[in-house]
Amino acid sequence: MSTSKSEQSYTAQGLISNPPLRSDGRSLLDYRPICMSTGVYPQANGSAKVECGGSEVVVGVMCEIDHEGNEDHSFSANGRIKCNVLCTPSAYPAHSPPALDDLSYDLSVILSDVYSDPGLLPSNLVVVPGRKSWTIHIDALVTADGGNLLDVLFLAVRAALWNCRVPSTKNIEYKGSSQLGNESAFVTQHRTSHAADFEIKDFWEDGESLANRETFPIAITLNLLSSIHFLDATHLESMAAQSRLIFIYSFSQSTLEGNPTIRGIKYFGEAMPLKNVHTHMPVGQQTLLVLGGH
Amino acid sequence: MVDITIRKRPYADAVVTQRKFLKKTARGKVVKILRERYLRDDVACGIENCRECDGGSLPFSGVASHKDYPQGHFLLPDTNVFLHQMDLIESPHFTSPLIILQTVVEEVRHRSLPLHSRLKALITSGDKKIWTFYNEFRSQTAVVREDEESPNDRNDRSIRKATAWYNTHLELTRPVRRGQPKPVIPTIILMTDDAANRQKAKEEGIPCHSTRSYIEGLSNFDDLSDLLAATDSNDLPEATASSRNVTLYSDYLPMSTLVAGVKGGQLHQGHFNANQYNYLEGSVPVPAFSKPVLLIGRENMNRAVQGDVVVVEVFPETEWKAPTDEVVDQDSTLKNDDPDNSGDEEEDAEIDAEEAKALGRGRQEKTQSSVKPSSERQPTGRIVGIIKRNWRAYVCHIDGGSLSSTLSTSLSQQSVFAIPVSRLLPRIRLRTRQAPTLLGQKILVTIDRWDITSRYPEGHFVRALGRAESKEAEQESLLLEYEVPYRPFGKAILDCLPPEGDTWVVPPKSPTSLDWQNREDLRDLLICSIDPPGCQDIDDALHARMLPNGNIEAGVHIADVSRFVLPDNPMDSEAAARGTTVYLVDNRIDMLPSLLGTNLCSLRPHVERLAFSAIWELTPEAKIVQTRFTKSVIASKAAFTYEEAQIRKDDPHRDDDLTKSIRLLNSLALKLKAARMAAGALNLASPEVKIHLDSAESSDPIDVEQKEMRETNSLVEEFMLLANISVAQKIQESFPQTAVLRRHLPPPRTNFEKLQDILQKRRRMTLDVSSSGALADSLDQCVDPNEPAFNTLVRIMATRCMLSAEYFCSGSVSKDTFGHYGLASPIYTHFTSPIRRYADVLAHRQLAAAIGYQSLHPSLHSKQHVETILTNVNRRHRMAQMAGRASVEFYVGLALKARGTRDGKATEVQEEAFVIKVFRNGVGVFVSKLGIEGVVMFKNDHKFDPDAYTISLTSSTGKEATIAVFDRVTVSISVEKDKNTQRGKVAMSLISPVNTTGL
């Protein structure tokens, strides 16, 4: 979607005027109404759809068994999370297919970067210790982009993971003759053996939630324009903004209250002196940025 | 315009209409499966004249055969009833109207496929009043699983809900009307053997019964009580066997543990094979070892029955043993066991001791002289679990000795032993009221269960087949034992035949006739058929003629069965299930209805028949110049027997065209055979005998003789091989993924080790098994000038070392294993007998598609489909061969008996025999003249040398003789009736070199 210079400058003027003026009448820190529904794909293990303004992202989460010695030797005993974002042509009618691919790729990388953090890996992905584990596939589909896509994307992914149920499994193993209480010669021979396989505990039950689903992050994009910042930019507003600063927060295990922790910060746009960043930071987290920033 | 209403399902309904479940696939993935169901209000209840529902076949007022329900009732059994009491339900005496729920049918399918197909057959047969109610699709009876509810509980609840619904439904649809008598409302009875379920049903006010308590209330209880299967249900009178608290066997491991163990390689899975010479020994071939895993003793065999899929644990190598070389007969070891015996420790101990002795004998000496047995030792282990039982109905005799009361008037229930005809099966204990009447009959018995406290499996009586040794009973028992489907063809199948029936003829030639399209008119060719005498299903015919260019045109014409048997109709499915025609001595169980087999598809002389022809142009040296295949119309000029054809060929005065063509065929066949032999084809031998039947009516066999082979047999054979090979090449070319082929894998070298060793030690002969050609050559060298039959014997023994040929789907195995070892052909199929073999029908369809005659049915493009069919055909084929052999054996027995009493008084039949196996306490002999094998057993111990394959006997007169494998001996053969079982047993004893009667 192309916008003219004059449109951009008109929008920018409105934003920096005092009081700020946005075309939909919001204040600078207001979000547009967010509509979220979960469990939209019963076939998936978890799913969610999030709409915010004109942006819409649908996410499906699938759990897949991964085993030792798989085709690409990428097995991880504790499980892993794989992310993939696909931008549909209908969301970007003006983009050429390669440009669409690039965009999808960029979004996938941002998402993967965050979710590859071992701290975010749920602890209940191990199926058979050392041999089998769950791989969580997150597939996000951008069906419309009305601005502020990253926030919506992270929100939808978090909602889908929140909704996700990992099938409960039960390990099975052969412990040798000790089970039968027979000749002693065998007892020692088989005692060291480990579980070899698993079975589904209850095939009618969806399973259990991901262990630390509270921690999964959300993103908040600060759109920077001269000395002010504003949230949830519409498409036009984001064109007017000079740069964007994205904070990715995750939450502590137990509650949603308390201080969220920063998982990452991304910056897009013109070069900006670091001290200027501080002015946009929420109070109390400035030190974190220095320590934990990317 | 027609109104179209689209009723969208509200989102909230999803809970009821969606069924989702997780499934673990064979490859270890977990998939989530989502099924949508549409609930309706018009699923019919199935009761006649119901005010609400359409259709229905159950009687309006039920039946009043139960004493507790004089107002009539219907029966609604739960899943376990079908899983355990199928014989009862199937019995013609069981006439209660049944309502079968969809939930039940599906659960049965999950639990046992064979029972599911029996249930389906029962529902479709129309013999019984049965209605299948689709309860999961009716909105009032659909059940959604509650949290924390196990699938079993959910199904039970669904069954109870359906029963309750039925009862209300009947009440609602038959309201009381003023001025009319109160309507009689029949009851729907829930039948379940699960006490907890009955308890819940009672709380919900649903009438329910256990199977036993239900049939006890029926008027014909006596007819049904024997059919009641033994179950763990607690309302059964305390089973006598389990009251004894001695645990004889160890418990099985849970299924998941077994699977994990097998996957982890600590346990091994395979089919259990009982040892027919020693009932205390069995083996399980597993992929991990080249030799099968040996199981010694009852405890280690742990209640496995022949054919079960079992899991074994292998002992450490130091405990590996060699199989015994002794015959242990359960009839003699267990003769004192009493089926009613409850807790008689003394007797138990006696049996244990007896069995321990039987096991120990032979093995002890082995350990003493165990310098070399490491080569003979094989993996030894024990069964820790059963993956799948393969129990079916077995033909048995009642053991007369086990009866406590033989008074024929006694109607009290008693426990008796049933002894299966097959030596591979253990005795079965059953409870029956009819024991005295069943004595001396062949009966069918099913195993129900085998507890760890019971030495024998428990079973129940299914039906009687008739007097033992009567031909009808023996015939049927053979068919049952080898699982040959022998029921007459049903209406649906016969409806697939041409409506003209017998009067069907090839329509007159015209361009519009469908039958003549793309068919060649070969009616003028001099075609003839050559078959065994009395052959009715003539499926092949031949012709040959000189071509102007000096080459010869030869043709094989096969009945065009695929014209009549169209893919995927009931006749086709039945033929696929039967797989092959089974030939018994005086009976034939057809694969296709006899209208096709003996008439429409039989290439009778002087009538026009449809055929599928393979026509070659051959040089006079029998080299193929050109091959073509075509559908055709032929008119055979003559049907010869092998003998007639032979005489005609050899008669120098005959010089007509037909005779010339036979001679031409013969000359080609000789060259074809020579070429085949040069390529390394084997000349195998199996004992084949012919039974002479006295006359058509009595069909008493009077004598047995060996089959004769004529030149013309070989003539037909060569051309059939040629046709099969040519067709195989063609269909493999056209359908590389799904071609129906036949192969014979080269036998593993180890199979021959024993035979090579025996030949080396006894006769100083060597057998070169490096290739089929080498084997053929070395078999030709195994000649003993004094013993013309010796070579045949070696061939028979070599044949037994080989694997059997099998059908396969070309896409399923690697291309270098296509070869046929025995025929030394790189590719082979069966094309020439579509009337009696189903694989040939498939080959016909593929060939027809390959030549563009018609398109191939989609099912024949599916590798999986072809594989499934061929697996079944292979099994049927094997079973048919065994049934045929058993039938011959039975008639040989009858013939021997007849021969023995021919002169009015009993005389012994003496025959020459070859020793083929030496045991510690007996020798296995083969009587080539009669084609039978037998075991001569000695009571006393003798000097036995397992390495030299000899046993030294001392006769009662003090004469000593050594008998070795391949020795020619004279045996006396008699048919002995086993006193307890009425089983006709061929008994043999040595006459020379030593008379062993009494030894």
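Helices (H or I, at least four residues) and strands (E, at least two) are taken as DSSP runs and numbered from the N terminus. The structure is a predicted model, in which local features need pLDDT of at least 70 and side-chain atom pairs count only at pLDDT 80 or more, while totals for chains, interfaces and linings use all residues. Residues are numbered from 1 along each chain as its sequence is written, chains are lettered from A and ligands numbered from 1 in the order in which they are written, and side-chain values use heavy atoms, with hydrogens and water left out.

In chain B, helix α22 (residues 711-734) contains B:Glu718. This glutamate is buried, at a relative accessible area of 3%; buried denotes under 20% relative accessible area, exposed over 50%, and partly exposed the range in between (1.4 Å probe, protein chains only). Apart from neighbours within four places in sequence, B:Glu718 is in contact with B:Ala669, B:Leu672, B:Lys673 and B:Arg676, where contact means heavy atoms within 4.5 Å.

Helix α25 of chain B spans residues 788-801, and its buried residues are B:Phe790, B:Asn791, B:Leu793, B:Val794, B:Arg795, B:Ile796, B:Met797, B:Ala798 and B:Cys801. The cover over these residues includes α23 (753-763), α24 (772-781), β32 (909-919) and β33 (922-927) of chain B. A nonpolar core is defined as a set of buried Ala, Val, Leu, Ile, Met, Phe, Trp, Tyr and Cys residues joined through side-chain atoms within 4.5 Å. The largest such core has 51 residues, of which B:Leu759, B:Leu767, B:Leu775, B:Val923, B:Val925, B:Phe966 and B:Val971 touch the most other members. The greatest contribution to this core comes from α25(B), with seven residues. In soluble globular proteins, nonpolar side chains tend to be buried together. With residues up to four places away in sequence left out, B:Val925 touches B:Ala913, B:Phe914, B:Val915, B:Ile916, B:Ile932, B:Glu933, B:Gly934, B:Val936, B:Val969, B:Val971 and B:Met988.

Aromatic pairs were assigned to rings of Phe, Tyr and Trp (its six-membered ring) with centres within 6.5 Å; planes under 30 degrees apart count as stacked, over 60 as edge-to-face and the rest as tilted. By this rule there are 14 aromatic pairs over all chains. One of them is the edge-to-face pair of B:Phe417 and B:Tyr456, at 4.6 Å centre to centre and with 70° between the planes. B:Phe417 belongs to strand β15 (residues 414-420) of chain B and B:Tyr456 to the loop between β17 (441-449) and β18 (458-467) of chain B, so the pair ties together parts that are 39 residues apart in sequence. The relative accessible area of B:Phe417 is 0%, and the residue is buried; B:Tyr456 also counts as buried, at 2% relative accessibility. The rings of B:Phe790 and B:Phe966 lie with their centres 5.2 Å apart and their planes at 80°, so this pair is edge-to-face. Distant parts of the chain are linked by the pair, as B:Phe790 is in helix α25 of chain B and B:Phe966 is in the loop between β37 (960-964) and β38 (968-977) of chain B, 176 residues apart. Burial applies to both B:Phe790 and B:Phe966. A cluster of B:Phe133, B:Trp165 and B:Tyr166 is also formed through ring pairs.

A charge was placed over a ring if NZ of Lys or CZ of Arg is within 6 Å of the ring centre and within 35 degrees of the ring normal. B:Arg742 lies over the face of B:Tyr807, at 4.6 Å from the ring centre, and B:Arg743 over the face of B:Phe808, at 5.0 Å from the ring centre.

A:Asn18 and A:Pro19 are joined by a cis peptide bond with omega about -5°; A:Pro19 is located in the loop between α1 (5-16) and β1 (34-38) of chain A. A:Asp232, which is not a glycine, has a positive phi of about 50°. This aspartate is in the loop between β12 (228-230) and α5 (235-240) of chain A and is buried, with a relative accessible area of 0%. B:Arg303 likewise has a positive phi, near 65°, in a residue other than glycine. B:Arg303 is placed in the loop between α11 (298-301) and β12 (309-314) of chain B and is buried, with a relative accessible area of 6%.
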